[in-house]
Amino acid sequence: MIKSLTFLGIETSCDETAASVVKETSDGNVQILSNIVSSQFEKHKKYGGVVPELAARSHIENIDIVIKEAIKKSGLNFTELDGVAATAGPGLIVCLTVGFNIGKAIAYSLKKPFLAINHLEGHALSPGLENKLKYPFLLLLISGGHSQYLIVKKVGKYKQLGTTIDDALGEAFDKTAKILDLGYPGGPNLEKIANKGDPLKFKLPEPIINRAGCNLSFAGLKSAVLRQSKKISKKRKDRYDLAASFQKTINNILLKKTKIAMSEFKKTENIKNPTFVVAGGVAANKTIRTSLEKLCIKENFNPLFPNIKYCGDNAAMIALTGIKRFRNNLGSDVQITAKSRWPLDPGAPFMKGPGLKL
Ligand code: KG4
Ligand code: ZN
């Protein structure tokens, strides 16, 4: 490795305004010098979901403060940075543009490299904030907007094995939480409630469980929860049981589909004890972590889950991805603009919409 690198990372793709300073030393150790995340959760709570215009306005109001705070906490000043990395997609364009443009402006004024980062690559490499990653590895990326199995061949090279054909897993958690009146953000609230219920009380569907390889589908499950919720009483216990049964069904689906993804990985990657990473906001769910960890033991994979604080959106993973891409000469095109859709594997088939054959 040539020299140590310190990057400022900026993340504004959805409802977190985040900035972080990360250093990778010349021997490959990663130090998170600061990691500031300003959540807009209170602003969107009363609407039960993220309102894009409100989110964008809030990013504009907070981004300077968050960046200054990240620099101050790092103990460095702007001139000591080696580069700036900001999320350029996928996400809400009105939100992405805020962090992306300010990142570009800082880099240009410092005459330092600017890297446009794919948010999904940030999640993919997030366990690297505290561990050395061994490539290739198998990745399950589960967030509010995506649910995918990918082979991470190396930094910048991904092969998609499967994806959701309808809702993302985080979306399914959030919508189910809304149906059950559990408030926003849905995922963490649902997990808390589910732990108090009987997971075997309701039998819920496991869509496309016996077909379509490791592709996923959650829309039918969410609709079944909606139908069931209209049948049960308003008693707290019934809602807990339905939440627990939903979470159990999700775990069953992920177990079965991950097993398929693992066997597909083994077909092309000849590597002993490969790593299995689960990343993205939903990877914070402890039941999912525990059940997939057990599967790893059976299937001879090494489970590697990012620390819970790095599962949700943060800028440390964006700064780290910037450093890794810079080291691998994957600098970004200055012409790049914010993109709402940006698949990690450009060759992967688009799996949504009418006419889809599974
Ligand atoms: O990665 P993330 O912070 O943002 C996106 O890139 O989308 O993921 C947010 C998603 C939300 O849908 C949220 O409800 C879900 O992650 N989530 C959880 C948990 N914590 C966050 N879902 C289930 N269980 C959790 N403990
Ligand atoms: Zn995310």
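In this predicted model, the largest nonpolar core has 47 residues, and those that touch the most other members are Leu169, Phe246, Ile250, Leu254, Phe276, Ile288 and Leu292. The elements that each give two or more residues to this core are the strands β6 (137-142), β7 (147-154) and β9 (275-279), together with the helices α5, α6, α7 (219-231), α8 (236-268) and α9 (286-299). Among these elements, α8 gives the most, with 11 residues. In soluble globular proteins, nonpolar side chains tend to be buried together.

We can now turn to the ligand. Ligand 1 is surrounded by 18 residues, of which Gly144, Asp174, Gly187, Glu191 and Gly281 are the closest. By kind, the residues of this shell comprise 11 polar, 4 nonpolar and 3 charged, and the helices α4 (119-125), α5 (169-179) and α6 (186-194) each supply at least two of the shell residues.

An N or O atom in the side chain of Glu191 is 2.7 Å from a nitrogen atom of ligand 1, while in Gly281 a backbone N or O atom lies 3.0 Å from an oxygen atom of the ligand. The side chain of Asn285, in turn, has an N or O atom 3.1 Å from a nitrogen atom of ligand 1. Taken alone, ligand 1 exposes 560 Å², and the protein buries 85% of that area.

Where in the fold is Asn285 found? Asn285 belongs to the loop between β9 and α9, and because its relative accessible area is 5%, Asn285 counts as buried. Apart from neighbours within four places in sequence, Asn285 is in contact with Phe173, Glu191 and Gln247, and a polar atom of its side chain lies 3.1 Å from the backbone nitrogen of Ile288.

Leaving aside neighbours within four places in sequence, Lys222 is in contact with Asp167, Lys175, Thr176 and Ile179.

Methods. Residues numbered from 1 in each chain as written. Chains lettered and ligands numbered in written order. Predicted model: local features only at pLDDT ≥ 70, side-chain atom pairs only at ≥ 80, totals over all residues. Heavy atoms only, no water. Near = heavy atom within 4 Å. Polar contact = N/O pair within 3.5 Å; in protein donor to acceptor, adjacent residues only side chain to side chain. Areas by Shrake-Rupley, 256 points an atom, 1.4 Å probe, with all protein chains shown as cover. Helix = DSSP H or I, 4+ residues; strand = E, 2+ residues; numbered from the N terminus. Nonpolar A, V, L, I, M, F, W, Y, C, P; charged D, E, K, R; others polar. Core = buried A, V, L, I, M, F, W, Y, C linked by side-chain atoms within 4.5 Å. Buried < 20%, exposed > 50% of the residue type's maximum accessible area, 1.4 Å probe, protein only. Contact = heavy atoms within 4.5 Å.
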